[in-house]
Amino acid sequence: MTPHRPRKKLRIPDATAAPAAAVASDVLLSLPPEVLDEILGRLGLCSAVRTSVLSRAWRRRWESLPFLDIDIPYGQQALWTVDSVLPRCSGRIRRFSTSLDELSTRRLDDWLVVLSRHGGVEDLDLGQDHNRFFSLHSSVFSWRRLVSLELFTCHIPPLPPDFEGFPDLKVLDLTNVKLHQNGEYQLEEIIETSPLLEKLILSEVCIGGEDLIEWEIQAPNLRHITICSNVDYGWNFAQLPCLQSAVIDLWEYVGDRDFAMFLAGLVQVRKLSLSTFYAPRVFGKLINPCYSLQKGQISCLHMLPVAQSHLVVQVNGIKILETLPCTFNNLKSLKLFMHFCELPPILLVFCFLRSVPNLEKLKILICYGKDQKTEANGEFLNAQWTDGMCANLQVLEMTGISWLPNEMSFMKLILSKAKLLHTLSISHDDDCSVSHVDPLHELVTCRRASAEAQVLFQGAAGNY
């Protein structure tokens with residue numbers, strides 16, 4: 001008989017030793033916990049969750065992170081991801097950003113309530129397409145840690161009675177949003193109770209009610225402001241001592257209020273972008289007739305003393321600013337969306353040039369300017385020139401021109417007056433049918449105040 005061999009005893013691994021062995025073989029797990037948390041936090045939500053498949057030790061590691069950013073693109077993935085991930089996070093959520101679809105919009109209130117239990121977030125970015133508006137849950141107004149709030153296509157509810165402001169808010173971006181009646185006061189309070197606010201964007205904001213309510217934007221630390229609207233909602237500017245850049249597109253400007261005083265609130269700005277398609281409305285009495293407009297020719301203007309600080313001219317019933325009530329000493333870069341087809345925007349350009357003694361770069365983007373209705377020839381434009389105008393101008397960019405006589409007269413004037421100019425950059429409109437050869441030759445050969453000034457032709461403007 002064959003002797004019986006003793007069976008070998010099975011060696012059962014110690015369960016408590018498995019994590020230790022995993023740590024010993026995993027360089028990342030051997031790092032200090034705070035360093036590992038920082039690494040996983042920088043990966044983003046999807047990558048952090050994927051670390052679950054690395055090993056048993058990694059399976060639930062992401063759930064214990066002290067902070068997490070949730071940034072989900074548009075689609076049903078947002079619904080699944082947030083519903084499955086948000087309840088499992090034990091730490092705080094720093095950023096919550098998602099593009100809402102129909103399904104996720106229904107779940108948004110629940111998500112925001114859960115985030116409120118975490119103390120809110122630092123960065124909230126919510127948006128939806130133009131056709132549907134979502135309603136913001138009022139719990140967001142209790143999030144004292146907010147640093148950035150960006151809302152797109154959103155109904156904003158009234159402020160709760162116990163609203164205390166956003167003490168850490170630095171960015172407020174409201175685009176295509178709707179507020180209830182007297183929402184001007186709501187915006188004023190949000191901005192005023194955000195003492196650290198640096199960037200403010202109010203684009204296509206819609207406020208209920210028909211009465212014009214004047215209110216102030218008070219933000220002592222504001223660096224940038226954008227206001228884009230087709231309705232005057234009574235915005236005014238308090239002192240903005242830190243303002244560096246501004247984009248102002250009010251389409252029809254500021255209703256029947258004093259446009260010059262409106263601009264005076266931006267006096268500290270260094271970089272300004274302004275749309276000047278229409279003549280701003282201002283008040284005053286007609287005195288001292290000297291020019292008027294007949295059959296497209298300039299023959300008489302009426303001077304209007306609106307206030308002691310600035311003057312207005314009236315052309316064919318249209319009141320146009322001639323001087324501003326302040327000097328923009330800090331302004332170095334000015335971008336204007338305008339055309340040279342009618343007198344109001346042309347005169348408004350000179351109004352600005354009189355008030356920006358340190359301007360270095362002027363960029364003019366021609367919009368809706370192919371049919372010249374009024375002639376403003378070189379003689380007339382030269383009469384608008386004053387001493388010190390464009391004394392520091394170095395760059396003039398003319399984008400989307402159609403080689404109209406008024407455009408040519410303006411470029412020639414700048415070439416003949418700006419002593420520090422070194423670049424005139426030109427691009428024509430994509431649909432321009434006029435040959436550029438003769439106009440360019442005319443510009444290259446005209447008299448120049450600066451020996452260093454050169455004319456650069458950039459071709460078609462493209463989609464600017």
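Predicted model: local features only at pLDDT ≥ 70, side-chain atom pairs only at ≥ 80, totals over all residues.
## Strand pairing around S12

Two strands pair if DSSP finds at least two bridges between them. Val247 has Ser273 in S13 as its bridge partner. S12 and strand S13 (residues 271-275) run parallel and are joined by four bridges. Strand S10 (residues 224-228) also runs parallel to S12, with five bridges between them. Here His224 stands opposite Ser245 of S12.

S12 is mostly covered, with four of its five residues buried. In a regular strand, side chains alternate between the two faces of the sheet.

## Overall composition

The protein contains 11 helices and 22 strands. Of its 464 residues, 49% are buried. The accessible surface amounts to about 23,300 Å², and carbon and sulfur atoms account for 51% of that area. Among contacts between residues at least 6 apart in sequence, 67% join residues at least 24 apart.

Helix H8 (residues 343-353) is mostly covered, and 11 of its 11 residues are buried. The buried residues of H8 include Leu343, Pro344, Pro345, Ile346 and Leu347. Leu348, Val349, Phe350, Cys351, Phe352 and Leu353 are likewise buried in H8.

Helix H10 (residues 405-417) has 13 residues and reaches 18 Å from its first C-alpha to its last, close to the 18 Å expected at 1.5 Å a residue. H10 is also mostly covered, with 10 of its 13 residues buried. Among the buried residues of H10 are Asn406, Glu407, Met408, Ser409, Phe410 and Met411. Leu413, Ile414, Leu415 and Ser416 are buried in H10 as well.

## The loop between S19 and H9

Asn377 lies in the loop between strand S19 (361-366) and helix H9 (378-384). Its relative accessibility is 29%, so Asn377 counts as partly exposed. Leaving aside neighbours within four places in sequence, Asn377 is in contact with Asn406 and Ser409, both of which are among the buried residues of H10. Asn377 and Met408 are 31 residues apart in sequence, and their C-alpha atoms are 8.9 Å apart in space.

Lys373 is found in the loop between S19 and H9 too. This residue is exposed because its relative accessible area is 53%, and exposed means over 50%. Lys373 and Glu342 are 31 residues apart in sequence and 5.8 Å apart in space, C-alpha to C-alpha.

Ser203 belongs to strand S7 (residues 199-203). Its relative accessible area is 13%, so Ser203 is buried. Not counting residues up to four places away in sequence, Ser203 touches Leu174, Thr175, Asn176 and Cys228.

## Salt bridges

The protein has 11 salt bridges. One of them joins the side chains of Arg95 and Asp125, at 3.9 Å from N to O. This pair links distant parts of the chain: Arg95 is in strand S2 (residues 92-99) and Asp125 is in strand S3 (residues 123-127), 30 residues apart. Asp125 counts as partly exposed because its relative accessibility is 22%.

Two further pairs involve helix H5. Glu102 forms a salt bridge with Arg106, and their closest N and O atoms are 3.2 Å apart. Both residues of this pair lie in helix H5 (residues 102-117), four residues apart, about one turn of the helix. Glu102 counts as partly exposed at 47% relative accessibility, whereas Arg106 counts as exposed at 59%. The side chains of Arg107 and Asp110 also meet in a salt bridge, at 2.3 Å from N to O. Arg107 and Asp110 are three residues apart in helix H5, so about one helical turn separates them. An α-helix has 3.6 residues a turn, so residues three or four places apart point the same way. Arg107 is partly exposed, with a relative accessible area of 26%, and Asp110 is partly exposed, with 41%. Beyond these pairs, salt bridges that share partners join Arg95, Asp123 and Asp125 into one network.

## A nonpolar surface patch

Leu28, Val35, Ile39 and Leu43 form a nonpolar patch on the surface, and together they have about 280 Å² of accessible area. Val35 is found in helix H2 (residues 33-43). At 35% relative accessibility, Val35 counts as partly exposed.

How values were computed
Residues numbered from 1 in each chain as written. Heavy atoms only, no water. Patch = residues over 30% accessible without salt bridge, like charges linked within 9 Å, V, L, I, M, F, W, Y side chains within 5 Å. Areas by Shrake-Rupley, 256 points an atom, 1.4 Å probe, with all protein chains shown as cover. Salt bridge = Lys/Arg side-chain N within 4 Å of Asp/Glu carboxyl O. Helix = DSSP H or I, 4+ residues; strand = E, 2+ residues; numbered from the N terminus. Buried < 20%, exposed > 50% of the residue type's maximum accessible area, 1.4 Å probe, protein only. Expected span 1.5 Å × (residues − 1). Contact = heavy atoms within 4.5 Å.
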